[in-house]
Amino acid sequence: MKEIILNHPMIRHKISILRNEKTSTKEFRELISEIAMVLCYEALRDAKEEEYDVKTPIMATKGTKVNEDNYAFVPILRAGLGMVDGVLKVMPNAKIGHIGLYRNEETLEPVRYYCKLPKNIEKKQVILLDPMLATGGSGSAAISMLKQDGVKDIKFLSIIAAPSGIKKIKKDHPDVQIYCAQLDEKLNDVGYIMPGLGDAGDRIFGTK
Ligand code: PRP
Ligand code: URA
């Protein structure tokens with residue numbers, strides 16, 4: 001499945017502000033949330049619609065609705081939490097699960113520390129959230145955890161991805177559609193995306 005990359009001048013404009021090391025925590029959070037909202041609209045482009053009757057002040061017509069019960073958002077802690085506000089603007093009634101993973105700084109291997117998913121998750125489409133897709137280790141491990149719980153329909157939303165991360169998700173989970181706002185060049189020798197935006201979790205939560 002080919003990854004979908006938002007190719008839009010205003011998204012590049014906003015990602016350039018995210019990249020700037022001088023951008024405040026407040027503005028960083030707001031932009032992560034806004035770009036997540038745009039990614040979510042894109043990911044729901046194929047959502048199933050049901051018709052219903054609507055009466056406008058002028059005449060009777062048909063409206064459509066999407067059954068929000070069929071969806072769940074799952075942020076990968078911590079940085080994925082920064083995307084939750086934005087996606088909830090698109091679908092405010094979706095359920096939310098949490099997967100806790102961090103990268104071991106030496107091996108870059110993901111370490112699991114938390115998993116709490118909504119009930120009946122296996123019947124829902126799960127939209128997994130993580131702003132950074134670097135080696136792809138965390139994303140791939142999170143998808144495996146969802147699949148272990150029976151989830152069959154998964155989409156992965158990231159703000160910045162490196163080619164290595166996309167390659168790993170596509171190899172480990174070819175059924176998962178990836179959406180990203182910007183594709184960057186490569187990783188540096190300690191696994192950070194170049195040019196990237198630094199450590200997304202630290203910048204969202206102001207921890208460094
Ligand atoms: C970051 C990021 C991803 C992961 C990406 O999390 O939010 O989860 O690294 O790297 P990968 O593709 O190489 O696995 P981090 O481990 O820094 O944890 P945090 O969100 O708690 O800061
Ligand atoms: N995690 C981040 O937060 N940033 C990167 O560049 C890579 C992994």
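User: How should I read a strand label when looking at this model?

Analyst: Strands here are DSSP runs of E with at least two residues, numbered from the N terminus. Keep in mind that this is a predicted model. For a case, take R112: you'll find R112 in strand β7, which covers residues 110-116.

User: Is R112 buried or exposed?

Analyst: The idea is a cut-off on relative accessible area: under 20% is buried and over 50% is exposed. R112 comes out at 52%, so it counts as exposed.

User: Which residues does R112 touch, once neighbours within four places in sequence are left aside?

Analyst: Look for G100, L101, M145 and Q148; R112 is in contact with those. As for I4, it is 108 residues from R112 in sequence, and their C-alpha atoms are 27 Å apart.

User: Now a helix. Where does D202 sit, and is D202 buried or exposed?

Analyst: D202 belongs to helix α6, residues 200-205. Using that cut-off again, D202 has 11% relative accessibility and therefore counts as buried. Its side chain makes a polar contact of 2.5 Å with the side chain of T207. Beyond four places in sequence, D202 is in contact with R78, T207 and K208.

User: On to the ligands. Which residues are closest to ligand 1?

Analyst: Start with the shell, then go to individual atoms. Ligand 1 has 15 residues around it, the closest being R103, D130, T135, G136 and S138. Oxygen atoms of ligand 1 come up in several pairs: one lies 2.8 Å from a polar side-chain atom of R103, one lies 2.9 Å from a backbone N or O atom of A134, and one is 2.6 Å from a side-chain N or O atom of S138. On its own, ligand 1 has 500 Å² of accessible area, and the protein covers 91% of that.

User: Which elements give two or more residues to the shell around ligand 1?

Analyst: Those are β6 (98-103), β9 (132-133) and α4 (137-148). The space that ligand 1 takes up is the largest pocket.

User: What surrounds ligand 2?

Analyst: Around ligand 2 you'll see R103, M132, A134, G191, Y192, I193, G198, D199 and A200. At the atom level, the backbone matters for reading these pairs: an N or O backbone atom of I193 is 2.8 Å from an oxygen atom of ligand 2, and one of G198 is 2.8 Å from a nitrogen atom of the ligand. A polar backbone atom of A200 also lies 2.8 Å from an oxygen atom of ligand 2. Taken alone, ligand 2 exposes 240 Å², of which the protein buries 88%.

User: Which pocket does ligand 2 sit in?

Analyst: Ligand 2 sits in the largest pocket.

Definitions and conventions
Residues are numbered from 1 along each chain as its sequence is written. Chains are lettered from A and ligands numbered from 1 in the order in which they are written. This is a predicted model: local features need pLDDT of at least 70, side-chain atom pairs count only at pLDDT 80 or more; totals for chains, interfaces and linings use all residues. Side-chain values use heavy atoms; hydrogens and water are left out. Helices (H or I, at least four residues) and strands (E, at least two) are DSSP runs, numbered from the N terminus. Buried means under 20% relative accessible area, exposed over 50%, partly exposed in between (1.4 Å probe, protein chains only). Contact means heavy atoms within 4.5 Å. A residue is near a molecule or strand if one of its heavy atoms lies within 4 Å of it. A polar contact is a pair of N or O atoms within 3.5 Å; within protein, one must be able to donate a hydrogen and the other to accept it, and residues adjacent in sequence count only if both atoms are side-chain atoms. Accessible areas come from the Shrake-Rupley method with a 1.4 Å probe; for residues, only the protein chains shown count as cover. On a 1 Å grid over the protein atoms alone, a cavity is a set of points where a 1.4 Å probe fits but cannot get out, and a pocket is an open set with protein on both sides within 12 Å along at least five of seven lines; lining residues have an atom within 4 Å of a point. A molecule sits in a cavity or pocket if more than half of its atoms lie within 2 Å of its grid points.
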